[in-house]
Amino acid sequence: MLIVKLANLNDANIDVSLLSPQLLDEANKLHGQRKKQFLVCRSILASLLQQHCDISVLPAIKVGDNGRPCFLQQSLPDFNISHSQNWVAVAISLTDKVGLDIEVARPRKNYLNVAKNFFADDEFQWMLMQDDTLRAFWQLWTLKESALKLYAKGVWQIKSVKVDLNQQMIIAPFGQDFYYQYRQVGDVHLSVNSNQPISKLILLS
C-alpha cells in the first residue's frame, strides 16, 4: 500500500512534537522557504508514520545514493519526497519501495523542444496526439522522474526511461520492475512508481 500526502506550503501545518531536537537543529541551519519546505515535509512524513505505523517521533534519516533520503533503520517503510513551487508531496510505502514526483502545471514555451530532445519518438508522438499536449508532457515527465527516484537515479538519466502509456509499461536499464500511478490534483501533476504492483494508493490532500 502506498500513501501520498500533498500539501501547499502556504497553509501546511508543522507538528514539531513529532520531530526530534536533532532534526529541529538541522532545520535551524536553513532559511526562508527552504527551511519551511524541510519542516513541512518532515512533519508530514512523521504524521504518516504516526498514523500508519504507530511511531511517535520521526526516526533518524540518512542521505543515500544520489541524495535520496531514507531511514537509518532499514526495517522502516521506504519514503520519497518531491516539491514543485509552493507544493510538496510525501509518499510512504508500507511494503515496497516508492518513487514520487510532482510538477505544478505551468506554461513552458519550449516544452515541445524539451520533449523532442528528452523523450523517445513514440512518447513524443503520443504526446502530440493528446488533446492537451502540455498536460501530456507533464504526465510523461513526472512518470519518468518518479521511475528515476524509485531506483535513486539522477535526472540526467531521464532519456533512458521509456514510458509506453498504451501498454502501461515503463522500461529502464537500471531497474526491472516499474508499477505506476498518475494523478492530476488541481494544478499538480503527481506520479508514483513502485517495484511491486500497487494494490492500493491513498492520496491525501
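Here are a few notes on strand pairing, pockets and aromatic contacts in this structure.

1. A word on the basis first. This is a predicted model, in which local features need pLDDT of at least 70 and side-chain atom pairs count only at pLDDT 80 or more, while totals for chains, interfaces and linings use all residues. Residues are numbered from 1 along each chain as its sequence is written, and side-chain values use heavy atoms, with hydrogens and water left out.

2. Six of the seven residues of S1 are buried, where buried means under 20% relative accessible area, exposed over 50% and partly exposed in between, with a 1.4 Å probe and protein chains only.

3. S1 has antiparallel pairing with S5 (residues 87-93) over seven bridges, and Ile-3 has Ile-92 as its bridge partner there. With S11 (residues 201-204) the pairing of S1 is parallel, over four bridges, and Leu-2 stands opposite Leu-201. Pairing here requires at least two DSSP bridges between the strands.

4. The largest pocket has a volume of about 960 Å³. Among its 36 lining residues, Arg-42, Gly-67, Pro-69, Ile-81 and His-83 are the closest to the centre. Helix H2 (32-53) gives the most to this lining, with five residues. (A pocket is an open set of points on a 1 Å grid over the protein atoms alone, where a 1.4 Å probe fits, with protein on both sides within 12 Å along at least five of seven lines; lining residues have an atom within 4 Å of a point. Points are joined across faces, edges and corners, and the volume is the space filled by probe spheres set on them.)

5. The second largest pocket, of about 260 Å³, is lined by 16 residues, including Lys-5, Ala-7 and Asn-13. H2 again gives the most, with five residues, and S1 supplies at least two.

6. Do look at the aromatic pairs, of which there are ten (ring centres of Phe, Tyr or Trp, its six-membered ring, within 6.5 Å; planes under 30 degrees apart are stacked, over 60 edge-to-face, the rest tilted). Phe-118 and Trp-141 are edge-to-face, at 6.4 Å centre to centre and 80° between the planes. This pair joins helix H3 to helix H5, 23 residues apart. Phe-118 is partly exposed at 34%, whereas Trp-141 is buried at 10%.
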